[in-house]
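Here are some notes on the packing in this model. Please read them with the structure open.

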Amino acid sequence: MQSLDLYEQKVLSDPEFPMQMFVNRGDKKKRYISPHWHEHVELHYVLKGRTLLQVNQKEIPAEQGNLVIVNSNELHSGYCDGSYMEVLVIIFRMEDFSRELADRDILFESLIEKDEVIDGIMTVINEEIERKEVGYRLICKGELMKLMVRLARKYAVKILTECESDKRKKQLERLNRVLDYIRLNYPRKICNRELAELVYLSEGRFLHLFKESMDMSPIQYINEVRIKKAMNLLKKGEGTVMEIASSVGFTDYNHFSRQFRRYYNCTPSDILKKNK
């Protein structure tokens, strides 16, 4: 189960290969990347099918051959529409490759389409990841450096000031405090005012910030946390459906069942029977 924290601490411990590379595959309609942020740059290149990334408050539909760029300190999540998709993901810190570019604190365009140079680079990286022959890491590092130069020369849209960069990070840290509080207190009733007070905002301003950043209301997010926790308990068979619903904070069994079906496309009883 994915972490429910908003901030994701990434540790790329290999100094000779300071990057993560993997392929996300899916064919079920669901959110496959929970909302999170980090200081790293994250690239999503669609190999097959299509996907939907939400970066900050912007929805970015992407199809085969498109590259979506998540800049440092941008809140992001990913969705599959139910059709088959393959998305190559590359995560790295700019300063591990180029102090010149890292010092500039560049923001890149969110979506890049129909760039044959980028297509060629991503094709090479994907093939090297699949084969994993001797020296594949060196080739991937070299191709990524070529990609960074391409992005910096053609797709840089803004250079952040230190003040702007700090402001972006502080806003995300505020939200992280709220989500961490929800994660610890989800079984009980949590009101919006309570959450707003955590980050010293009025209730109205807090609701606007939360909705703008998470694309859902606080109660929708709380219910999502509860539903995910319930799924874990159902899989382990730790009680009846009603007992589990109550333990994660639902007081109305019918409401719990509707929310569960909406999220997982099956009933809680289906999961309990399947794992007996």
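1. Main core. The largest nonpolar core counts 36 residues. Those with the most contacts inside it are I182, F206, F210, Y221, F256 and F260. Please keep in mind that this is a predicted model.

2. Who builds the core. Two or more residues each come from helix 4 (162-185), helix 5 (192-198), helix 6 (203-214), helix 7 (218-236), helix 8 (241-247), helix 9 (253-264) and helix 10 (268-274). Helix 7 gives the largest share, with 7 residues.

3. Second core. A separate core holds 31 residues. V41, I112, I121 and Y155 are among them.

4. Helix 7 against helix 9. How do these two helices pack? Their axes lie 10 Å apart, at an angle of about 85°. An angle from 65 to 115 degrees counts as roughly perpendicular, so helix 7 and helix 9 fall in that class.

5. The contact itself. Helix 7 brings N223, E224, I227, K228, A230, M231 and L234. Helix 9 answers with H255, F256, Q259, F260, Y263 and Y264. By residue type, the contact of helix 7 with helix 9 splits into 8 nonpolar, 3 polar and 2 charged.

6. F260. Which residues does F260 touch, leaving aside its neighbours within four places in sequence? From helix 7 come I227, M231 and L234. N265, C266, T267, P268 and I271 are also in contact with F260.

7. Aromatic pairs. The structure has 8 of them. One is F210 with Y221, an edge-to-face pair with 6.1 Å centre to centre and 70° between the planes. F210 sits in helix 6 and Y221 in helix 7, 11 residues apart, and the pair links distant parts of the chain. Buried or exposed? Both F210 and Y221 are buried.

8. F256 and F260 are both buried.

Definitions and conventions: Residues numbered from 1 in each chain as written. Predicted model: local features only at pLDDT ≥ 70, side-chain atom pairs only at ≥ 80, totals over all residues. Heavy atoms only, no water. Core = buried A, V, L, I, M, F, W, Y, C linked by side-chain atoms within 4.5 Å. Buried < 20%, exposed > 50% of the residue type's maximum accessible area, 1.4 Å probe, protein only. Helix = DSSP H or I, 4+ residues; strand = E, 2+ residues; numbered from the N terminus. Contact = heavy atoms within 4.5 Å. Axes fitted to C-alpha atoms, helices over the stretch in contact; angles between N-to-C directions. Parallel < 35°, antiparallel > 145°, perpendicular 65-115°, else oblique. Nonpolar A, V, L, I, M, F, W, Y, C, P; charged D, E, K, R; others polar. Phe/Tyr/Trp six-rings, centres within 6.5 Å; stacked < 30°, edge-to-face > 60°.
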